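Trainee: Could you take me through one part of this model, the place where the two chains meet? I'd like a close look, with the cut-offs spelled out as you go.

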2 protein chains.
Amino acid sequence: MRPTSTELEFLKLLWKESPRTARELHQELEGILQWGYSSTRKTLDRMAEKALVTVTKEGNVNLFAPQVDKVKTLASFAADFAKRVFELDGPLPTAMFTGSKLIDDDEIDQLEHLLEQLRKEQEQ
Amino acid sequence: MRPTSTELEFLKLLWKESPRTARELHQELEGILQWGYSSTRKTLDRMAEKALVTVTKEGNVNLFAPQVDKVKTLASFAADFAKRVFELDGPLPTAMFTGSKLIDDDEIDQLEHLLEQLRKEQEQ
DNA sequence: CATCCCATGCGACATGAGTCGCATTTCTTT
DNA sequence: AAAGAAATGCGACTCATGTCGCATGGGATG
């Protein structure tokens, strides 16, 4: 299942460093989202239900870690976007994501592979 | 206001040819969306409320036409996507949309301009 | 003119996401 | 051990969107 925009923000943080507590994640997002702590927790709970993150009880706190792969997730977003918005069916241009702070060169290679795969699957 | 995915589909059709009736639009989307005619109409109604399309009563039928610009709309999607998913702040790669069946070379030029503008506005 | 069809206006329901608050449980610190 | 702080579980509300159905009204046709 594709995460929502907000969920993607949480995943990005977790991809950088995990596991983390709800409180830690909340503090990082506070400035941007202007949320109450409850909202952060609820979102995290729902992400757990959807298997986007795992929860591990460590003593009395819950630790969250990503349960979906970063490159796969980004690839899915890219493919969806290209098709839905621009109706691009062919191979997606690499240039689309070079320059992103989120992924390094290695990961860009993986991304391309995945996109190519997605494209083929969809062809059928 | 940014259209939803579904609304974008309607806009795409209207950009190709307008004005059109709900019935005509419905027939084009029937295959893809598997919707009842009521759903099509409701969506169109709501798009009118949001000023995404205009409605003109022609006799006893309503004619719909796009009320938002194609290139502007696509640019807004592209900018949002690049930032939200890949955290690209710099100029967006042109390659992102070359090859799209939706826009011709002229429009690609416009798109680039708009993206550059959006980027600058956002910098502040 | 009576009838039938299609268009419209509009109400309605379900689900998901955004957003919070509260009561209960569990640490930690005197 | 008692008290206070912090974490959790979970319910709840609102709004947008997807998705229909129904009742009403105006044209076309025999």
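Mentor: Here is a walk through the interface, followed by a look at the parts of chain A around it.

First, some ground rules: this is a predicted model, so local features need pLDDT of at least 70 and side-chain atom pairs count only at pLDDT 80 or more, while totals for chains, interfaces and linings use all residues. Residues are numbered from 1 along each chain as its sequence is written, chains are lettered from A and ligands numbered from 1 in the order written, and side-chain values use heavy atoms, leaving out hydrogens and water.

Now the interface. On the chain A side, 26 residues are in contact with 26 residues of chain B (contact means heavy atoms within 4.5 Å). The area buried between the two chains is about 2,200 Å², with carbon and sulfur atoms giving 63%; buried area here is the accessible area (1.4 Å probe) that two parts lose on being put together, summed over both. A:Arg84, A:Phe86 and A:Glu87 are the ones to look at: they supply 29% of what chain A buries against chain B, more than any other three residues.

The rule (a side-chain nitrogen of Lys or Arg within 4 Å of a carboxyl oxygen of Asp or Glu) finds two salt bridges between chain A and chain B. Which elements of chain A give two or more residues to the side that touches chain B? They are H1 and helix H4 (70–86), and H4(A) gives the most, with eight residues. Helices here are DSSP runs (H or I, at least four residues), numbered with the strands (E, at least two) from the N terminus.

A:Asp80 forms a salt bridge with A:Arg2, with the closest N and O atoms 3.7 Å apart. A:Asp80 lies in H4 and A:Arg2 in the segment before H1 of chain A, so this pair ties together parts that are 78 residues apart in sequence.

As for H1(A), residues 5–16, it packs against H3(A), residues 37–49, at an angle of about 85 degrees, with the axes 11 Å apart. The two helices are therefore roughly perpendicular (65 to 115 degrees by the rule; axes are lines fitted to C-alpha atoms over the stretch in contact, and angles run from 0 to 180 degrees between N-to-C directions). A:Glu7, A:Phe10 and A:Leu11 of H1(A) meet A:Thr40, A:Thr43, A:Leu44 and A:Met47 of H3(A).

Note on methods
Angles under 35 degrees count as roughly parallel, over 145 as roughly antiparallel, 65 to 115 as roughly perpendicular and the rest as oblique.
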